[in-house]
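Dear colleague,

I am passing on the structure we spoke about, and would be glad if you could look at it alongside the notes below.

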Amino acid sequence: MARFDYRQASAIARKRRAANIAAFYKTPTWNEADLPQNLTDFALKSGYYTSDELIIIQSEADVILEKIRTKSWTALEVTQAFCKASALAQELTNCVTEVLYAEAFKRAKYLDDYLARTGRTIGPLHGLPISLKDCFITAPHPSSIGMAAYANEPLEKDTLLVTILRDLGAVFYIKTNVPTAMMMAETDNNIWGECRNPLHKHLSPGGSSGGEGALIAFKASPLGVGTDIGGSIRIPSAWSNLYGLKPSFGRYPVYGGKSGIPGQEHILAVNGPMSRSLKSLQLYSEAVLSEQVAPWELDHKLVPIPWRKNVIQPPGRKLRFGIIGIDDGLVTVHPPVERALNMTKQALEKQGHEVFTWSAAEDHPVIVKNLQAAFFDLGGAAITDLLKPWDEPIFPCMRGYALAAGAGEGDLGPTKMRMMTLKRNALQKAYLDRWNATATDGKPRMDGIICATSPWAAPRLGQTQQNLYVGWTGFVNYLDFPACTFPVTFADKALDPPRDMKTFKQLSDIDGRIQADYDADFYHGAPVALQIVGKRLEEEKVLELCEVVANALKDA
Ligand SMILES: *[C@@H]1O[C@H](CO)[C@@H](O)[C@H](O)[C@H]1NC(C)=O
Ligand SMILES: *[C@@H]1O[C@H](CO)[C@@H](O)[C@H](O)[C@H]1NC(C)=O
Ligand SMILES: *[C@@H]1O[C@H](CO)[C@@H](O)[C@H](O)[C@H]1NC(C)=O
């Protein structure tokens, strides 16, 4: 017998969310059949916003900060515009968990008063609304991570990053939806329900930072913070047409967040910024990793490296990119992703950069297999022990956790654990050696790897329940490399015909199933993004490389 029922927990949580929104905003409702595919576009033209609000919500972080600093806008009016937008984003996409409007208004007013009184901003993020993935604790609000066990549990202590961002001037106003235990590639759970993609309502915004992806793509947040252990920043960033930085472990403060598999350190979870603008990721990183904040004095796990600028030297030099082709040895990308790879290669070559093939077939399959096994073995008992007392059903793509728990993998034992670690370390070293070996014929080492973030442009809702594949992002977590997504194009039925399934040679069962899912008409308009991968602790370089790629794509 369950102690409590997850349905009761869900009803309490949803009632709280609805009441906290209704206290400030009455959002219009529409018949589902009357809603077009592009909800972002629909909302902007719906008459819901005033013209001033439209300008604010479509501005990027650097502009917002400048307008507040120069007193053209108040922090309060900016906060109100984004709160209002987030209320509608919730109505149309179900991207919200906790609603923090009352305290956001209070904080914004305090910041406006501070600026008026002192003539100074409180910090480099003065007045900037920042949305937070549900796992970041803003006490006393619960941090459900999509599970009944936590859904209504008030908390006492803020996550370290939350304290740091608040001190820098950020305004927190909303927390965003995640999948159960943050361990799926789409955003669905038994508490808040499923989140959909505002750029194409039949598609998923990805996961696990999927509520963030949807909110930002809806223009209801200029900048959000997500977490990534297998692709959870990059998958939603890619599927929502955003830039999303997954750093290597040890740069950005991680202490005190809620984890899906607490204590699991075989694959290191990290957090990072997501935005429509690359510049926003840069200004966020510069603020958080500044000498003034010195986060390495606050979080034991961090290396004392302040944010570095202009790391590519000499500036403007020609770069060397390795590009992974249409498959990673296990799964082949859909046609729109192939076109994005070609577009990116051609755009970079046009600027005189070198783009050569980087192979994945020899080590990615084993890396992906180990990563998946580690999640199931180390997470099985941790997750199912929390679900069971509440009678929470397991989502199809998470059955591996229940199986591992049932097989007693919760009692993995030190020997198996050590072997896992040894294997991981050997694969990491071999990959680094492979990277090092790109320095040949007097040429420098490869600067970065360009590859897909997933086989799909963005998949239809529910697709990853049957065909979960995070190998394209997960290899980066296993190697603890930094990576950043960049938008390239949208799927186009005229340009992206399906592969000929009669001649298509599948590399695995899931490869065949994923490829068979492609439908040019259905996916028309789906966002397509790729990622650029650097070496450990090269976060600055990854963002600079990303800028080179984005500019090349713009010029092409
Ligand atoms: C959806 O609408 C937004 C806002 O107008 C626009 O930026 C985006 O390109 C649209 N998506 C597609 C696929 O047309
Ligand atoms: C991408 O480029 C390769 C190699 O030039 C070519 O064979 C392939 O047809 C291209 N694919 C697309 C979708 O443009
Ligand atoms: C790394 O690359 C350098 C330069 O090509 C080479 O001399 C060295 O042997 C390589 N080291 C390893 C471990 O591969």
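This is a predicted model: local features need pLDDT of at least 70, side-chain atom pairs count only at pLDDT 80 or more; totals for chains, interfaces and linings use all residues.

Residues are numbered from 1 along each chain as its sequence is written, chains are lettered from A and ligands numbered from 1 in the order in which they are written, and side-chain values use heavy atoms, with hydrogens and water left out.

Around ligand 3 lie D433, N436 and A439, where a residue counts as near if one of its heavy atoms lies within 4 Å. A polar side-chain atom of N436 is 2.4 Å from an oxygen atom of ligand 3, while for A439 a backbone N or O atom is 3.2 Å from an oxygen atom of this ligand.

The second largest pocket holds about 460 Å³ of space (a pocket is an open set of points on a 1 Å grid over the protein atoms alone, where a 1.4 Å probe fits, with protein on both sides within 12 Å along at least five of seven lines; lining residues have an atom within 4 Å of a point; the volume is the space filled by probe spheres set on the points, which are joined across faces, edges and corners). Of its 21 lining residues, L278, K279, Q282, L543 and E547 are the closest to its centre. This pocket lies between domain 1 (6–28 + 36–258 + 267–297) and domain 2 (320–555), because both give residues to its lining; the domain bounds come from an automatic or database domain assignment.

The largest pocket holds about 670 Å³, and V254, G257, K258, S259 and A269 lie nearest its centre among 32 lining residues.

Best wishes

How values were computed. A polar contact is a pair of N or O atoms within 3.5 Å; within protein, one must be able to donate a hydrogen and the other to accept it, and residues adjacent in sequence count only if both atoms are side-chain atoms.
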